[in-house]
Amino acid sequence: MVRLPFAAGLAALWCLGCAISSGEGQPDYRAALANSLLYFEGQRSGKLPPGQRVQWRGDSALADGRDHGVDLTGGYYDSGDNVKFGLPMAFTVTMLAWGVVEYARPLAAAGELRNALAAVRWGADYLARAHAAEETLYVQVGDGDSDHSCWQRPEDMDTPRTAYSVDASRPGSDVAAETAAALAAAAVAFRQLDGGYSATLLGHAEQLFRFAKNRRGLYHNSVPGAGEFYPSSGDEDDLIWAAVWLFVATGREDYKAFIAGDGNSGEVQSTLSWDKKFLGAQALVAKLILEGKLPDAGNPAVMKRSLEQFLCNVVQHGVDAKLSPGGMLWMQPWNNLQYVTSAAFVAAAHADHLAGASLRCGGAALPPALLLSFARSQAHYILGANPGRMSYMVGYGPRFPAQVHHRGASVPSIKSSPGKITCKGGFDYFSKSTPNPNVLVGAIVGGPDGNDHYNDSRQNFQQTEPSTVTVAPIVGVLARLLHN
């Protein structure tokens, strides 16, 4: 792991693009974009639609919610298991929808806007159904512990499908606000194409935001099992994130006042993730300031400055963010690439929001092109411009992870092997050192360590497990890179 001075860091960021051009050629952004959206079809839960393209998958979890008399079918499995966790699913939908809002035109030009909207809608439909009453939100289906004790494809699973909710007496303001953000963002994405659907989503979002504001409390205290897998560090980031998306969706003064008067800007962040949303809110607030829709004063101005400092850091002109020797943004050993894709998205989006203006980093005025270069460098790294010369997107390029930590991909498809594979019987496939029988196209694995080393072993879940929260941001990044 290295920290590069600004000049060296700038050269390294530009050079990753050069490495691809001189080695394996320019990445095929269009193919990578198509793959990234195909991945979400491989993660679908519920009754699969007629247009399902990932043919090795089948219907699954068709009774979800029946224990509470609620339809909780659909949605996405979060990673390589078969649980539906509401917090990361809502973040996934928010980031997918943000990508559509920012980059609908290049998505349409690539022939992928329809698939992007289908990915948003599959998640948004589930989240809207999970909002079963004004102050009731189902936030998890399935039990993480029992699920992890089995290795079954989702079509066969016989682990408990218990549904867990938050309500007025058992609050979860963090997950309620994140779900509000997701549905508000989805409402904006669909506003021009399906006004009725957009209005329905917005109605859910506004109710959920009121619920979150009025019933404060972290959701893992109400649903303790969720804390083992997706514990929440707070709710203030979710609330401001939701308020910003609701302001984008409605332009209403009460949301504007919440942003201006919230008092918690989040300070300078190091990541945007399923747990920490301040950076995303800061990027949107900065855009609204540049558009003249929010004042460059008070809390919005603090948020804008915090975003700018984050960006200065990642382009190595501040409190420099850590880079691996090969140039990958480095945060932590477990699923580091989730932070890479979200940082790349924020950098690309702000480069466009600047509209030719400069990013001020100390005494330097940096061009927007530098931010886009950073985003490009991280996308190129994921797609193969790295010391291992491996694409970390499954199904892209000549060499990519073969032993992805994923139940459905690692067990023979129900289409080719219709006999039931039991809870414990599936571990025979888990322990094999052979490639997965099903290719989970578009999945992005956790990625290499801080020294660019990657061990392609199914047992190595920290590096080989993909997640929807990792892939969702790169959809927008790849659409933006196609636009150049």
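Reader: Which residues form one aromatic cluster with W98?
Author: Y103, W241, W245 and F345 do. Keep in mind that this is a predicted model.

Reader: How many aromatic pairs are there by the rule used here?
Author: The count comes to 19 aromatic pairs. One of them joins F209 and F258.

Reader: What's the geometry of F209 and F258?
Author: Edge-to-face. The centres are 5.4 Å apart, with 80° between the planes.

Reader: What parts does that pair tie together?
Author: F209 lies in helix α7, residues 195–214, and F258 lies in helix α11, residues 253–261. The pair therefore ties together parts that are 49 residues apart in sequence.

Reader: F209: buried or exposed?
Author: F209 is buried, with a relative accessible area of 2%.

Reader: And F258, buried or exposed?
Author: Buried, at 19% relative accessible area. The cut-off for buried is under 20%.

Reader: Charges over rings next. Where does the charged end of R44 sit?
Author: Over the ring of W122. The distance to the ring centre is 4.6 Å.

Reader: What about R121?
Author: R121 lies over the face of Y197. There the distance to the ring centre is 3.7 Å.

Reader: Switching to pockets. What volume does the largest pocket have?
Author: About 710 Å³. The lining of the largest pocket has 31 residues.

Reader: Which of them lie nearest its centre?
Author: F229, Y230, W334, N335 and E465.

Reader: Which helices each supply at least two residues of that lining?
Author: α14, residues 337–354, and α17, residues 427–430, each do.

Reader: How does the lining of the largest pocket split by class?
Author: There are 14 nonpolar, 10 polar and 7 charged residues.

Reader: Back to N335. Where is it found?
Author: N335 is in the loop between α13, residues 298–314, and α14. N335 counts as buried, at 8% relative accessibility.

Reader: What's its phi?
Author: Near 50°. That is a positive value in a residue other than glycine.

Reader: And A355, what's the phi there?
Author: A355 has a positive phi near 50°, and A355 is not a glycine. A355 lies in the loop between α14 and β4, residues 359–361.

Reader: Is A355 buried or exposed?
Author: A355 counts as exposed, at 69% relative accessibility.

Reader: OK, the second largest pocket. What volume?
Author: About 260 Å³. The second largest pocket is lined by 13 residues. R191, V248, K287, E291 and K293 are the closest to its centre.

Reader: Which helices each give at least two residues to that lining?
Author: α3 (86–109), α10 (236–250) and α12 (278–290).

Reader: How many cavities of 30 Å³ or more?
Author: The count is 3. The largest cavity holds about 50 Å³ of space.

Reader: Which residues line the largest cavity?
Author: Among them are R57, Y77, D81, N82, P154, H406 and R407. By class, the lining of the largest cavity has 2 nonpolar, 7 polar and 3 charged residues.

Reader: Last topic, the sheet. What order do the strands take in the open sheet of 3?
Author: β1-β2-β3, with antiparallel pairing.

Reader: Which strands stand at the edges?
Author: β1 (84–85) and β3 (163–167). Each has a single partner strand, so one side of each is left without a neighbour in the sheet.

Reader: Over how many bridges do β1 and β2 pair?
Author: β1 pairs with β2, residues 136–141, over 2 bridges. The bridge partner of F85 is Q140 in β2.

Reader: And β2 with β3, how many bridges?
Author: They pair over 5 bridges, in the antiparallel sense. Y138 has S165 in β3 as its bridge partner.

Reader: Why is β3 largely enclosed by the rest of the structure?
Author: Because 4 of the 5 residues of β3 are buried.

How values were computed
Residues numbered from 1 in each chain as written. Predicted model: local features only at pLDDT ≥ 70, side-chain atom pairs only at ≥ 80, totals over all residues. Heavy atoms only, no water. 1 Å grid on protein atoms, 1.4 Å probe; cavity = no way out; pocket = protein on both sides within 12 Å on 5 of 7 lines; lining within 4 Å. Points joined across faces, edges and corners; volume = space filled by probe spheres on them. Nonpolar A, V, L, I, M, F, W, Y, C, P; charged D, E, K, R; others polar. Phe/Tyr/Trp six-rings, centres within 6.5 Å; stacked < 30°, edge-to-face > 60°. Buried < 20%, exposed > 50% of the residue type's maximum accessible area, 1.4 Å probe, protein only. Lys NZ or Arg CZ within 6 Å of the ring centre and 35° of its normal. Pairing = 2+ DSSP bridges.
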